[in-house]
Amino acid sequence: MELKEAILTRRSIRGFLDKPVPKDIISDILKTACRAVSANNIQPWEFAVVSGDVLKQIGAENAAAFCNHEPEDYADEPFEGVYRQRQIGVAKQLFRAMDIARGDRERRDWWTQRGFRFFDAPAAIILYMDAKLNEAACRFDMGCVAQNICLAAMVHGIGTCVEDQAIMYQKSLRTHLGIPADKRFVTGIALGYPDPQFAANHIISEREDLERITHWHGFDMT
């Protein structure tokens, strides 16, 4: 697969086949991903790769925490303006694809719980870094390595979904994965072989027109 094709066709996968992802394939994905851009070659990324019963247990505990209305350990600030509009836009796309009505609280909770269970993927990667590092500076590097993971996975026919839900409840992650308090969670990536029958997998989120977000300087625009 050509790089440009991978970038243009990548999408978030939220439904997976019941098929394990071999350890050697995930290892190859991570080795490739670690060639990501890193300012001053800091390479702040660390990974916990989870599968099998451990992943199921973490997912179940996360979903239970959500159902019990436990306070989250991590949550983004609410988006406003155009950013909120974009967030709502992709949510509408997904709910239409999954036939989830606006007032159907039961189905919406079901959908949210799937996210806390890593969308029932056969494997997941938890990205974290040393808490001593400057978060604002190093999150850029972490984003670069996450993007590389998603693109490298496509070479093996594996789909991914980057999700902050994976780290919203962190007690279970630290307990089952042995990640100490001096490490800061950044995000999680669900991965596995896409289920072609899962409607949400066919959703391609919209992107703004380049003309609206790009300002050219010093070019002859005639």
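This is a short tour of a predicted model, stop by stop.

**Stop 1: salt bridges**

Start with charge. Side chains of opposite charge can pair when their charged atoms come close. The whole structure holds 9 salt bridges.

Select Glu 208 and Arg 86. Their side chains form a salt bridge, 3.2 Å from N to O. Glu 208 sits in the loop between β4 (183-192) and α8, while Arg 86 belongs to helix α4 (residues 81-97), so this pair ties together parts that are 122 residues apart in sequence. Glu 208 is partly exposed, with a relative accessible area of 26%. Arg 86 is also partly exposed, at 39%.

Next, select Asp 109 and Arg 105. This salt bridge has its closest N and O atoms 3.8 Å apart. Both residues lie in helix α5 (residues 105-116), 4 residues apart, so about one helical turn separates them. Asp 109 is partly exposed at 25% relative accessible area. Arg 105 counts as exposed, at 55%.

Now go to Lys 132 and Asp 130. Here the side chains meet in a salt bridge at 3.0 Å, N to O. Asp 130 is buried, because its 18% is under the 20% cut-off.

**Stop 2: a buried threonine**

Select Thr 160, in strand β3 (residues 159-163). Its relative accessibility is 3%, so Thr 160 counts as buried. What is Thr 160 in contact with, leaving aside neighbours within four places in sequence? Show Arg 11, Ser 12 and Ile 13, then Cys 150 and Ala 153, then Ile 189, Ala 190 and Leu 191.

**Stop 3: the second largest pocket**

Rolling a probe the size of a water molecule over the atoms shows where empty space is left. Then colour helix α3 (residues 52-67). This helix gives the largest share of the lining, with 5 residues.

**Stop 4: a nonpolar surface patch**

Select Leu 210, Ile 213, Trp 216 and Phe 219. Together these make a nonpolar patch of about 470 Å². Ile 213 is part of helix α8 (residues 210-213).

Notes. Residues are numbered from 1 along each chain as its sequence is written. This is a predicted model: local features need pLDDT of at least 70, side-chain atom pairs count only at pLDDT 80 or more; totals for chains, interfaces and linings use all residues. Side-chain values use heavy atoms; hydrogens and water are left out. Patches are made of residues with over 30% relative accessible area and no salt bridge: like charges are joined within 9 Å, nonpolar side chains (Val, Leu, Ile, Met, Phe, Trp, Tyr) within 5 Å. Accessible areas come from the Shrake-Rupley method with a 1.4 Å probe; for residues, only the protein chains shown count as cover. A salt bridge is a side-chain nitrogen of Lys or Arg within 4 Å of a carboxyl oxygen of Asp or Glu. Helices (H or I, at least four residues) and strands (E, at least two) are DSSP runs, numbered from the N terminus. Buried means under 20% relative accessible area, exposed over 50%, partly exposed in between (1.4 Å probe, protein chains only). Contact means heavy atoms within 4.5 Å.
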